[in-house]
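Subject: Structure handover

Hello,

Here is the structure for you to look over. Please open it alongside this email.

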Amino acid sequence: MGKRSIQEWEKSVETLKNNCKRIISLSKSIRYVGVINEYGRTLSGTLKSGIKPMFSRQQVRDEFFAISSFMKLRSKSITTIGELNYILLNHQKVNSLVLSNKTITYYITFPKDIIPSEVLIKKISKIIMQA
């Protein structure tokens, strides 16, 4: 990797970190914002101050691998039914919002009793699409 490539990578990661911070600041109800690549590898992530992580390291790897696999498989049907806007996963303990920008996927969690509003989802989408 040349010097230019390293600088481009560092700039890209810094942009993702800033996006995570911007997204988490949009709502007090956002617990976590993470960015994963097409292989499920974490590129950046921000946990709200005072929030205890729910997943172990291995559980995070498994969850992100499952999400990235789904997103890859899902991309094959885009031409038939249109691009994916977002996915809302409703679990017993937490709600997860998943949005994608090409090969980058944002994974955002909320408390179990909070369903993100369309207004909030649009604000998050705007940040993601600027990247």
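This is a predicted model: local features need pLDDT of at least 70, side-chain atom pairs count only at pLDDT 80 or more; totals for chains, interfaces and linings use all residues.

Residues are numbered from 1 along each chain as its sequence is written, and side-chain values use heavy atoms, with hydrogens and water left out.

Overall fold

The chain has four helices and five strands. Their order from the N terminus is α-β-β-α-α-β-β-β-α. Helices (H or I, at least four residues) and strands (E, at least two) are DSSP runs, numbered from the N terminus. The radius of gyration is 15 Å, close to the 14 Å from the globule rule for 131 residues, so the chain is as compact as a globular protein of that length. That radius is taken over C-alpha atoms, and the rule is 2.2 Å times the number of residues to the power 0.38. Along the principal axes, the C-alpha atoms fill a box of roughly 45 × 40 × 30 Å.

Contacts are heavy atoms within 4.5 Å. Among those with a separation of 6 or more, 51% join residues 24 or more positions apart.

Surface and charge

The accessible surface is about 8,800 Å². Carbon and sulfur atoms hold 54% of it. Areas come from the Shrake-Rupley method with a 1.4 Å probe; for residues, only the protein chains shown count as cover. Of the 131 residues, 36% are buried. Buried means under 20% relative accessible area, exposed over 50%, and partly exposed in between (1.4 Å probe, protein chains only).

There are 22 positive and 9 negative side chains. The centres of the two sets lie 4 Å apart. Lys and Arg count as positive, Asp and Glu as negative; His and the chain ends are not counted. Each charge is placed at NZ of Lys, CZ of Arg, CG of Asp or CD of Glu.

Nonpolar cores

A nonpolar core is a set of buried Ala, Val, Leu, Ile, Met, Phe, Trp, Tyr and Cys residues joined through side-chain atoms within 4.5 Å. The largest has 18 residues. Ile23, Ile30, Val33, Tyr106, Ile108 and Ile124 have the most contacts inside it. Two or more residues each come from helix H1 (3-24), strands E1 (32-36), E4 (94-101) and E5 (104-111), and helix H4 (118-130). H4 gives the most, with five. Another core lies apart from this one and has eight residues, including Ile36, Phe64, Met71 and Val98.

Single residues

Leu120 is in helix H4. It counts as buried, at 10% relative accessibility. Beyond its neighbours within four places in sequence, Leu120 touches Leu26, Ser27 and Phe110. Its C-alpha is 17 Å from that of Val94, 26 residues away along the chain.

Asp62 is partly exposed at 44% relative accessibility. Ala66 is partly exposed at 42%. For Ala66 and Tyr32, 34 residues apart along the chain, the C-alpha separation is 18 Å.

Best wishes
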